[in-house]
Amino acid sequence: MNIIAVTACPTGIAHTYMAADALQKAAAVMGLKIKVETQGAMGIENTLTARDIAQADMLLIASDIDIEQKERFLGCPQTKVPLESALLDACAVLRGLVHNAS
Amino acid sequence: MLRELTFYTKRPFSIIQARQLRRLCGMFRAKLLLINLSRRQQADPEQPLTLLSLAVQAGDLCQIVIEGSDAELAHMVLTLWVGEHGLPLSGRGLDQPPSQARLTQRLPGYHCTLAMQDEWQQESDKDPCLRHLIALLPDGLCTHPAGLLDELRAREVISATVMRPGLAMPHVLSQTMRAPCIAVLHSQRPIDWGSALGPVQLMVLLAAPAKPVPEHLAALIRLSRALLDDQLCAALLRAGSAQARHAILTEALIPAG
């Protein structure tokens, strides 16, 4: 399964990057393919391209706020979770995602 | 029983130190672990060769973790050993913490003041803690403390800033700040931070100007990411002195390697 994710938080110096790392770590453990875009104080990094979005099976938004440029993801199945749950147990978040998709 | 010893090494670890440490370990029932926090690696001192794989260089920050019924005794003996081979960070004094020089050297021009207070025992509520953290900021760094408090409160309303079990990191980019600053408060009693991750004992305030320069921002982001590292975060929560916490946070702020 091919997952794309966006992380964002109100301040953009902590949770955004921690959640991105946590999701990547969990995906590696579970053998899932993931690309995580961070929308933090450094701006948008590791940007999800049109191709990434077209090839993705699922979009995960881990954020407590509205994300930027969300019109890009129209038509892509999405799940939104609070940032804390990605930090708390990223594996559980990804498992939920896989479960929803199947 | 759990004890820790955090120290800067004076010289690289050779097979001689590794053997000494193994011999000392053999005297106690307690289980020991040596962590090289500068390299984020750990080893069992009973295996001298794996200890060498930590590649401890002079000036690296290390922590020895001692766990077991005779940890107190082992701690006393190992304190002497550490005193011989390194610079122990057990003091409360923060006028000139040894890690300040390292921060200045590795991040020149980076004004990140680390204020600290230990063993804070008052109400176990979030709001007084936020106030206290702000009060720890050096004079003149924050132009409007009440405004900063409001911004931190507003951030906490969106979601509680507990990063790891036991550790809260309220953070804000604020116009009231003149330079980035980190303040650290350690409480003897667990404090309810309103998070599913449970109460916290260690609180780290990150406050930076509204438009920080990229290198300052990068250091703060490095710190957040470093706290995801199980070894570093556990070492920080375990650290028993303000000097040790200061040193570990410094290690998290500076570029790795």
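Across the interface of chain A and chain B, the rule finds one salt bridge. Its partners are Arg225(B) and Asp21(A). Their closest N and O atoms lie 2.8 Å apart. The model is a predicted one, and the distance is computed from it.

The contact between the chains involves 16 residues of chain A and 22 residues of chain B. The size of an interface is often given as the accessible area lost when the parts come together. Here the area buried between chain A and chain B is about 1,900 Å². Carbon and sulfur atoms give 70% of that area. On the chain A side, Ile13(A), Met18(A) and Glu84(A) lose the most area to chain B. Together these three account for 33% of what that side buries.

Turn now to the fold of chain A. Five strands form an open sheet, in the order S3-S2-S1-S4-S5. The pairing in this sheet is mixed. S3 and S5 (78-81) of chain A are the edge strands, each pairing on one side only. Neighbouring strands of the sheet are turned by 15 degrees against each other on average, with direction ignored.

Strand S2(A) spans residues 33-40. It is mostly covered, with six of its eight residues buried. S2(A) pairs with S1(A), residues 2-8, in the parallel sense. Seven bridges make up that pairing. Within it, Ile4(A) stands opposite Lys35(A), and Val6(A) stands opposite Glu37(A). How does the chain get from S1(A) to S2(A), and what is the hand of the crossover? The path runs through helix H1(A), residues 15-30, and this β-α-β crossover is right-handed.

S2(A) also pairs with S3(A), residues 43-45. These two strands run antiparallel and are joined by three bridges. Gly40(A) has Gly43(A) as its bridge partner in S3(A). S2(A) and S3(A) form a hairpin, with two residues between them.

Two helices of chain A lie across strands of the sheet. H1(A) lies across S1, S2, S3 and S4 (58-63) of chain A. It runs at about 175 degrees to S2(A). H4(A), residues 90-101, lies across S1, S2, S4 and S5 of chain A. Its angle to S4(A) is about 145 degrees.

Gln69(A) has phi near 50 degrees, a positive value in a residue other than glycine. Gln69(A) sits in the loop between S4 and S5 of chain A. Is Gln69(A) buried or partly exposed? Gln69(A) is partly exposed, because its relative accessible area is 38%, between the 20% and 50% limits.

The second case is in chain B. Arg40(B) is not a glycine, yet has a positive phi of about 55 degrees. Arg40(B) lies in the loop between S2 (31-36) and S3 (41-43) of chain B. With a relative accessible area of 25%, Arg40(B) is partly exposed.

Another arginine of chain B, Arg102(B), is placed in helix H4(B), residues 98-106. Is Arg102(B) buried or exposed? Arg102(B) is buried, because its relative accessible area is 16%, and buried means under 20%. Which residues does Arg102(B) touch, leaving aside its neighbours within four places in sequence? Arg102(B) is in contact with Tyr8(B), Ser38(B), Gly59(B), Glu251(B) and Ile254(B).

Key
Residues are numbered from 1 along each chain as its sequence is written. Chains are lettered from A and ligands numbered from 1 in the order in which they are written. This is a predicted model: local features need pLDDT of at least 70, side-chain atom pairs count only at pLDDT 80 or more; totals for chains, interfaces and linings use all residues. Side-chain values use heavy atoms; hydrogens and water are left out. Buried means under 20% relative accessible area, exposed over 50%, partly exposed in between (1.4 Å probe, protein chains only). Helices (H or I, at least four residues) and strands (E, at least two) are DSSP runs, numbered from the N terminus. Two strands pair if DSSP finds at least two bridges between them. A crossover is right-handed if, with the strands pointing away from the viewer, the path from the first strand over the helix to the second runs clockwise. Contact means heavy atoms within 4.5 Å. Axes are lines fitted to C-alpha atoms, for helices over the stretch in contact, and angles run from 0 to 180 degrees between N-to-C directions. Buried area is the accessible area (1.4 Å probe) that two parts lose on being put together, summed over both. A salt bridge is a side-chain nitrogen of Lys or Arg within 4 Å of a carboxyl oxygen of Asp or Glu.
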